[in-house]
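Hi everyone, thanks for coming.

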Amino acid sequence: MLRSFGKFYGLAGLRLGFAIAQPDIAQRIALALGPWPCSGPALHLGAAALRDHEWARRTRDAITQQVRELDAVLTEAGFGIAGGTGLFRLARLPDAGKVHVALAARQIWCRRFDWDDDLLRFGLPGDRHGLDRLAAALAPFKSRQ
């Protein structure tokens, strides 16, 4: 299991992560990555974050709810949910590259894939306003269903 603190813990830019693995796999990871020094403050913050079980539970619950809401907006616009994690969703719609362009024109960023024009990756909107902006921007595409 690999864990980075950047997204889940809201500590973007913190150079801290870890792997839990069988010794032989851990050794292969160490050889592939090389030295990965972490600062004292990063280790202190990471340890405090890992001890805060209640915060982590509330955050997981909030992310689960945000994923449901994002999936509802995307499916309402005609997308099929192709996968993802708690932090982003992969959504499929024929010729989604056109949606990507339209969203970018409204300063809504999603990731397009050169190898599949029907697939977009959406991060979780930061708040209700962001989700509503996305829903409004996708409204013109509902008629394509």
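C38 is partly exposed, because its relative accessible area is 27%, and here buried means under 20% relative accessible area, exposed means over 50%, and partly exposed is in between, with a 1.4 Å probe and protein chains only. C110, on the other hand, counts as buried, at 12% relative accessibility. How many disulfides does the structure hold? The number is 0, where a disulfide would be a pair of cysteine sulfur atoms within 2.5 Å.

A quick word on what you're looking at: this is a predicted model, where local features need pLDDT of at least 70, side-chain atom pairs count only at pLDDT 80 or more, and totals for chains, interfaces and linings use all residues. Residues are numbered from 1 along each chain as its sequence is written, and side-chain values use heavy atoms, with hydrogens and water left out.

Okay, the sheet. There's an open sheet of 4 strands, in the order β3-β4-β6-β5, with antiparallel pairing. On its edges sit β3 (80-84) and β5, each pairing on one side only. From one strand to the next, the twist averages 30°. Pairing takes at least two bridges found by DSSP between two strands, and the names come from DSSP runs numbered from the N terminus: helices are H or I with at least four residues, strands are E with at least two. In the antiparallel pair of β4 and β6 there are 5 bridges.

α3 lies across β3, β4 and β6, and runs at about 20° to β4. α4 lies across β5 and β6, at about 40° to β6. For those angles, axes are lines fitted to C-alpha atoms, for helices over the stretch in contact, and the angles run from 0 to 180 degrees between N-to-C directions. Contact means heavy atoms within 4.5 Å.

While we're on α3, find D71, which is placed in that helix. Is D71 buried or exposed? It counts as buried, because its relative accessibility is 17%. Leaving aside neighbours within four places in sequence, D71 is in contact with I81 and R89.

Next, the core. A nonpolar core here is a set of buried Ala, Val, Leu, Ile, Met, Phe, Trp, Tyr and Cys residues joined through side-chain atoms within 4.5 Å. The largest one has 29 residues, and the members touching the most others are F79, V99, L103, F122, L134 and L138. Two or more residues each come from α2 (40-51), α3 (53-76), α4 (96-105), β6 (116-123) and α5 (128-138). Which element gives the most? That's α3, with 6 residues.

Helix α1 is another story. Of its 11 residues, 23-33, the number buried is 0, so α1 lies largely in the open. Just after α1, G34 takes a positive phi of about 75°.

D95 isn't a glycine, yet its phi is near 60°. You'll find D95 in the loop between β4 (88-92) and α4, and at 26% relative accessibility it counts as partly exposed. Q107, also not a glycine, has a positive phi of about 60°. Q107 is in the loop between α4 and β5 (111-113), and it is exposed, with a relative accessible area of 58%.
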